[in-house]
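Work through the exercises below with the sequence and the coordinates at hand. Each task is followed by a solution in steps.

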Amino acid sequence: MLSGALVLLGLVLIVETAVLGGGIGLLLGALFLLAGGLRLYLSFR
Amino acid sequence: MAARRQRGVIRRRRGQGLERVLGTPALFATAYGNVGSSIYYALGVTALYALGLTPVVFVIAGLFFAATAATYAEGTVRFPEAGGSSSFARHAFNETVSFMAAWAQMLNYVATIAISAFFVPHYLSVFWEPLRDNPWDIVGGIAVVVLLVLINIVGIEESTRVNVLLAVVDFATQVLLVLLGFVLVFSPSILVDNVHFGVAPTWSQFFLAIPVAMLAYTGVETVSNLAEEARDPSRSVPNAYKLIAAAVFAIYFTLPMIALSAMPVRFVDGEYQTVLGEQPPEGFANDPVLGVVKNLGISSGGLLHALEIYVGVLAATILFIATNAGVIGASRITYAMSSYRQLPGTFRRLHRRFATPWLALTVFAGLAPIAAILPGQTNFLGTIYSFGATLSFTVAHAAIIALRARRPEEEALFRARPNFTWRGVDWPLFAVFGGIGTGLSWLVIVIQQPATRWAGIGWLLLGLAFYYVYRRRVVHQPLSVTTRAPALVLGPALQLEYRTIVVPVVRSNESEEALVAAARLAAERRATIAIVHVIQVPLERRLDQVAREEEDEADDLLEQARALVEAYGVRAMTRLVRARRAGPAIVEEAERRNAELLVMGAPRRPARRKTAIFGQTVDYVLKASPCRVLLAAGKRAA
């Protein structure tokens, strides 16, 4: 649940930043995506 | 030919690495190096009081921090000089209030030096366990203070490039820890279970935790103190504060959540506690970030040990540099206070051999912090910092409100937001909110912490009594009047020392000659040159409405002037000023920098015309300058 939320938040941040501009959003989005992805990986392992 | 050679010099200088002009990135990196270091001690002290509400407390303190950052941004753009709240208070109120703010800031510096130095051995305990606790942390902390005071008396300069690099590595490491925490331990349900409203923490603990959490924002005044050296404060200072606020929010709102997920609140021996706020050997109050690392649930022993060593060494280094920043800050504020005759001129005297303010360093950066370290009490150091910081911030907020109310018609280059216009005054809501928050926080500390109350109030009363006696008996001036100390006169020949020379520049032969004359003079006297260029903005435009090309041209001119001066081995600072008229702006700059000499190029008008010899600007400067003026009239005219 939380992992999915993190992934979703990361994706939204990346898309939002790509549309509106602003570099820091891409970095934060990538970090959220990475955190969510790794949590998912650990829970499935 | 000469222009080509100059451009070559500039290119070579740029090729040597970091630009020496303080722009937004340099201001941000230096300030984050300072502010970002405080998480290494603030997390544990705050968790002791706030328990499960630690993340919420950091959010509340963060809102006050944001308001304070906005106040400092506006105040610093208005008065780009060292001093922060003390300087704002001087302009808004009077010298007595300014002294109080400066004296409270001095207490901050003493506490910052003490707490940063005290935590260096805690993080080095990854190599030797006894350093985590008394008495070895006291010994280690004192050794750090003594070493840094000696280094600063001898006058070894720290490398800005290394500091900036460390700030970046520090931020990246904190982001890495947050990321690892989100992956491995972050749990919203644990965070919710940690909270027992009114019980753990109790309401009094919760309210006390808010000012204590402000410890995490130690160093907010760094940008103000560096503003003197910033080329274009109206742009770089607000941008640097915005970046710091964003970076601090990103870390300080997330790391406490990770910490409380990794070290939850438990009911032990009849009370709620978290090992994050408990003393060693079981607790991590003395090294909270190492506590986070150890409790991240990393299963590989080798990886965990390597990460512990890395974080321990990095934290110790960052704290060492933060201690040094405190030492420099304490000596600077002492110098500023004695320049305004708030402290005796003895503190301004330089060491005969090393040319550093040795007495200021020994007393305020050495002896006072050592006295604060000796009891070995982290909580006392934390609350005494908060006592000074909240008082100093409250004065800063009040000063900005007063300045807005008293000078509503004054044109400002930068106004922080949000504001509310009422009865012709643009009231700064951020300062009102921040002032109420920091003022109440100061009251909470005074009411709840007896040791801090008496130590803090004792410090203030002692300072005030000294100020009263010094002003009445030695200076013979009323307490509330601003008085500048005369220029330092050194040596048996009573030779006047030029410490700061202001050189206004435009693109002309006379300006270049003025620069060369100033550089030669400064090279002989080891003075600093402040190169100023004024962009005159017509009345129909706002002061901040300057064409990009005009700014670029001004930047280029200042860069060339700096390269020319530095070719003589002289330290140069550049300043871009936007003003309605050049003359008053130049005079104001000379006043602000307490310059001893103003050197300017002066094109002479043809003798046949029955007009003034010099132009309007030179004429104004000659009439209104607070210091000596040297004119370079140009070879052809002479």
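**Exercise 1. State how chain B is divided into domains and describe how the two domains meet.**

Solution. Chain B falls into domain 1, residues 29-466, and domain 2, residues 489-632, with bounds that come from an automatic or database domain assignment. This is a predicted model, in which local features need pLDDT of at least 70 and side-chain atom pairs count only at pLDDT 80 or more, whereas totals for chains, interfaces and linings use all residues. Residues are numbered from 1 along each chain as its sequence is written, while chains are lettered from A and ligands numbered from 1 in the order in which they are written.

The next step is the separation: the C-alpha centres of domain 1 of chain B and domain 2 of chain B are 37 Å apart. Eight residues of domain 1 of chain B are in contact with ten residues of domain 2 of chain B, two residues being in contact if their C-beta atoms, placed from the backbone, lie within 7 Å. On the domain 1 side of this contact in chain B, the residues divide into one nonpolar, two polar and five charged, where Ala, Val, Leu, Ile, Met, Phe, Trp, Tyr, Cys and Pro count as nonpolar, Asp, Glu, Lys and Arg as charged, and the others, Gly among them, as polar.

**Exercise 2. Determine how confident the predictor is in chain B, and where pLDDT stays under 50.**

Solution. Chain B has a mean pLDDT of 86, and 92% of its residues reach 70 or more, on a scale of the predictor's confidence in each residue that runs from 0 to 100. Over residues 1-20 of chain B pLDDT stays under 50, and the model has 14 contacts beyond four places in sequence for them. Residues 489-495 of chain B also stay under 50, with four such contacts. For the model, the scores are ipTM 0.76 and pTM 0.84.

**Exercise 3. Identify which residues of chain B form its side of the contact with chain A, by element and by class.**

Solution. Five residues from chain B and eight residues from chain A take part in the contact. Helix H8 of chain B (residues 160-184) supplies the largest share of the chain B side, four residues; helices (H or I, at least four residues) and strands (E, at least two) are DSSP runs, numbered from the N terminus. By class, the side of chain B that touches chain A divides into five nonpolar, no polar and no charged residues.
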